[in-house]
Amino acid sequence: MTQTFWHPFADMAAVVSGGELVLDRGEGCYVWDVDGKRYLDATASLWYCNVGWGRQEIGKAAAAQMAKLPAYSNFGDIVIPVTLELADRVANLAPVQGSKVFLTSGGSDSIDTATKMARHYWQLVGESDRTILIRREKAYHGMHTAGTSLAGIPANAAGHGSLIEDVIEVPWDDPDSLRAAIEDVGQDRVAAFFCEPVIGAGGVYPPPEGYLEAVRQVCSDTDVLFVADEVITGFGRCGDWFASTRFGLEPDILVCAKGITSGYLPLGAVLASPRVVEPFWAEGAGMWRHGYTYSGHAAVAAAALVNIDILENEGLPARSKAMEGSMVDALKQLTDHELVEDIRGGVGMLAAVSLRHDLVEDDPALGARVGAATREAGVLVRPLVGGALAVSPPLTLEGSQLQEIVDGLRAGLDAVA
């Protein structure tokens, strides 16, 4: 095809020379390319198609709202009923009751919103020196300026110069290091700690036993805002509506996107706890000068409501939890392969096949080559930094399809080995 489209996260020289995979349609857990070849979508696209492909009822709801009033700016005091309905629905699912819902266009928007919300909160309560944001190594928090600044994946931050200042990093698996970092800079200077309950793009790392509860306690002890980045883990992916609910985290701010519409239309949200909301909504607080053209887009809200209906009516969050062990067990069939180091997973339908570190050090493109060979075998997986292959299928995946994923991965591994 004529190459005019600039792909995100792509080496365009390689794309131009090697060609594109052009997808045509999807149904359930499968997608087909324009030549009619079928692929099992073992990544739900980019972690997001939780309800699977071909849900026509979502499109019909969006089309009906488009015919009525597709969108209108929600700045100031204007809003459309379907947007109010979505905010209420999401607030009722929130891990902290009484939360308010700020709608965005996606995960990166939501992270930007959360960084500004956290810093502005401290301004409003009279602690303007609290500007430092803490990230974990391996963290991924989107690719806007704030998210790039919060990148615990060095390659994602490289080449952009200095972005947001006052960001520090701690090890991904050591709660004591978080406490030490806060004590080192002074808790009166720290605004927030950003935490993925399960690290996603950094390699799919489930939390060590007790880690999440421990870092939440550190934030409580030091009065630092705890921000849960649930862009990937929200809306059923981790065996509950939110990983924060599953682990009892009660975040001050929760960031979500992806599964809120299963990717049928772009949407994100920031759930602010009553503590954070209070000074923003207080008499005399004035305008918070933040928002997006499409915050609360009506047609997108209509799609999200139907997507949430499907998740609820089909019990998909609970299904994700029920299948988490089976998925890891199935993938463990691959541990006997000469290229495989280990299998990571066990929290909902999120897992990774990790290739041997020594081989990846010698050949950083090994994961990409295995991913491409797995695609040739009819299964789509996502190569990540460090030689991990992400597996995060739609939550509608049948048990029999787990073996299809394993067989495709083994074929890909064999082709490269």
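This report walks through some helices, helix pairs and loop residues of the structure above. The model is a predicted one.

Let us begin with helix α5, which covers residues 107-124. At 1.5 Å a residue, its 18 residues should span 26 Å, and the C-alpha atoms at its ends are 25 Å apart, which agrees. Of those 18 residues, 13 are buried, so α5 is largely enclosed by the rest of the structure. Gly126 follows α5 and has a positive phi, near 85°.

Helix α4, residues 81-93, can be checked in the same manner. Its 13 residues should span 18 Å at 1.5 Å a residue; the end C-alpha atoms lie 19 Å apart, which agrees. Which residues of α4 are buried? They are Val82, Thr83, Leu86, Ala87, Arg89, Val90, Ala91 and Leu93.

**Two pairs of packed helices**

Two packed helices are described by the angle between their axes and the distance between the axes. With that in mind, here are two pairs to look for.

| Helix pair | Axes come within | Crossing angle |
|---|---|---|
| α3 and α12 | 8 Å | roughly 150° |
| α15 (366-376) and α16 (399-416) | 7 Å | roughly 125° |

Take α3 and α12, whose axes cross at roughly 150°. An angle over 145 degrees counts as roughly antiparallel, and that makes α3 roughly antiparallel to α12. Their crossing is right-handed. On the α3 side, the contact is made by Glu57, Ile58, Ala61, Ala62, Gln65 and Met66. From α12 come Ala298, Ala299, Ala302, Ala303, Val306, Asn307 and Ile310. Sorted by class, this contact has 10 nonpolar, two polar and one charged residues.

Are α15 and α16 parallel or oblique to each other? With axes that cross at roughly 125°, α15 and α16 are oblique to each other. Here α15 passes α16 in a right-handed crossing. The residues of α15 that make the contact are Leu366, Arg369, Val370, Ala373 and Thr374. They meet Gly408, Leu409, Gly412, Leu413, Ala415 and Val416 of α16. By class, seven residues in the contact of α15 with α16 are nonpolar, three are polar and one is charged.

Now for some loop residues. Lys138 has a positive phi of about 75° although it is not a glycine. You will find Lys138 in the loop between β5 (132-136) and α6 (145-149). With a relative accessible area of 25%, Lys138 is partly exposed.

Glu250 is not a glycine either, yet its phi is positive, about 45°. Its place is in the loop between α10 (243-246) and β9 (253-256). Is Glu250 buried or exposed? Its relative accessible area is 52%, and Glu250 is exposed.

Finally, look at Gln97, in the loop between α4 and β4. Gln97 counts as exposed at 55% relative accessibility. How far apart in space are Gln97 and Pro383? From C-alpha to C-alpha they are 37 Å apart, with 286 residues separating them in sequence.

Methods
Residues are numbered from 1 along each chain as its sequence is written. This is a predicted model: local features need pLDDT of at least 70, side-chain atom pairs count only at pLDDT 80 or more; totals for chains, interfaces and linings use all residues. Side-chain values use heavy atoms; hydrogens and water are left out. Axes are lines fitted to C-alpha atoms, for helices over the stretch in contact, and angles run from 0 to 180 degrees between N-to-C directions. Helices (H or I, at least four residues) and strands (E, at least two) are DSSP runs, numbered from the N terminus. Angles under 35 degrees count as roughly parallel, over 145 as roughly antiparallel, 65 to 115 as roughly perpendicular and the rest as oblique. A crossing is left-handed if the near helix is turned anticlockwise from the far one by less than a right angle, and right-handed if clockwise. Contact means heavy atoms within 4.5 Å. Ala, Val, Leu, Ile, Met, Phe, Trp, Tyr, Cys and Pro count as nonpolar, Asp, Glu, Lys and Arg as charged, and the others, Gly among them, as polar. The expected span of a helix is 1.5 Å times one less than its number of residues. Buried means under 20% relative accessible area, exposed over 50%, partly exposed in between (1.4 Å probe, protein chains only).
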